[in-house]
Amino acid sequence: MMTDMAAPGAIRIGPHTFTVTDARRTLAHAGDLFDVLAEGRDAAVIAALRAEALDAVDGLDPLHAPAEDLAAPLRAFWQAWTAAGPALRAAGELPATAVGSVAALHTSAGGVPKLPQDAVEVGFGGVVGDRQGTRVHHGRPWQALCLWSTEVIDGFVADGHGLFPGAAGENITITGLRWDDVRPGVTLAVGEVRCEVSSYAVPCRKNAAWFADGAFDLMHHRHGPVSRVYATVLEPGRIATGDPATLEP
């Protein structure tokens, strides 16, 4: 989501802006964010960074602490968490370079499906002009972009589900990349934009309409490489359909 101005109490970390809600929800899920980075990899590579991040929130109740108590823990967490991807890369825990392409781009004024666009401008807050209906579960800097796969969508369609690009709310639909490689910790160059995959996008009931019997949970990452992913914007820019999408440039 692209925000037009910083909200009262917002916390700036480099080019990224966190609302108070963003800070609370990020710190509340600090352990979970590290857990998905470590899944299927040598957790020892990032164990010290994980400990550093969790130390930052030790004794803090992020959802109820005064807003002024959130900035220092958030900065400490962010420093440790953003160092984890490069640490995994340096240790050879991330996949080799691969090239796909942008099959479709989508935005909305809130809700799903998102509507197709030929090209979009991306800032550190996400796609310019894109909105979410609620910021409780969406819109953090590490959720700036939502990406999904044509191959995953086609697989669901073959199984009788009514999905199509943009239906589940992804901004960028990519084709030609192994989706089990596009997971937290990897870097993507998409058009002019560089981003780092940060987390899986947990499905919600708003996507039930696209699934037979409303079984939207089928696209949860617990079922394998089928989940949409969120990404943090490292370098903003323009993306157009047909642009290359390069894994680990």
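User: Before we look at the charged pairs, what counts as a salt bridge here?

Analyst: A salt bridge is a side-chain nitrogen of Lys or Arg within 4 Å of a carboxyl oxygen of Asp or Glu. The general idea is that side chains of opposite charge can pair when their charged atoms come close. The model before us is predicted, and a search of the whole structure finds eight salt bridges in it.

User: Which residue forms a salt bridge with Arg 89, and which parts does the pair tie together?

Analyst: The partner of Arg 89 is Glu 248, with the closest N and O atoms 2.8 Å apart. Because Glu 248 lies in the segment after β13 (244-247) whereas Arg 89 lies in helix α4, the pair ties together parts that are 159 residues apart in sequence.

User: How should I read the accessibility of Glu 248, buried or exposed?

Analyst: Glu 248 has a relative accessible area of 8%, so it is buried, since the cut-off for that class is under 20%. Arg 89, at 30%, is partly exposed.

User: What is the N to O distance between Glu 235 and Arg 194, and where do these two residues lie?

Analyst: The side chains of Glu 235 and Arg 194 meet in a salt bridge at 3.5 Å, N to O. Glu 235 belongs to strand β11 (residues 229-235) and Arg 194 to strand β10, so this pair ties together parts that are 41 residues apart in sequence. Glu 235 is partly exposed at 38% relative accessibility, and Arg 194 is also partly exposed, at 28%.

User: Which other residues take part in salt bridges?

Analyst: Asp 217 and Arg 222 meet through their side chains at 2.9 Å, N to O; Asp 217 is partly exposed with a relative accessible area of 30%, while Arg 222, at 54%, counts as exposed.

User: Turning to helices, how many residues of α2 are buried, and what covers them?

Analyst: In general, an α-helix has 3.6 residues a turn, so residues three or four places apart point the same way. Helix α2 (residues 30-38) is mostly covered, with seven of its nine residues buried, namely Ala 30, Gly 31, Leu 33, Phe 34, Val 36, Leu 37 and Ala 38. What covers these buried residues includes the helices α1 (20-28), α3 (47-57) and α4 (71-90), together with strand β10 (193-200).

Notes
Residues numbered from 1 in each chain as written. Predicted model: local features only at pLDDT ≥ 70, side-chain atom pairs only at ≥ 80, totals over all residues. Heavy atoms only, no water. Buried < 20%, exposed > 50% of the residue type's maximum accessible area, 1.4 Å probe, protein only. Helix = DSSP H or I, 4+ residues; strand = E, 2+ residues; numbered from the N terminus. Contact = heavy atoms within 4.5 Å.
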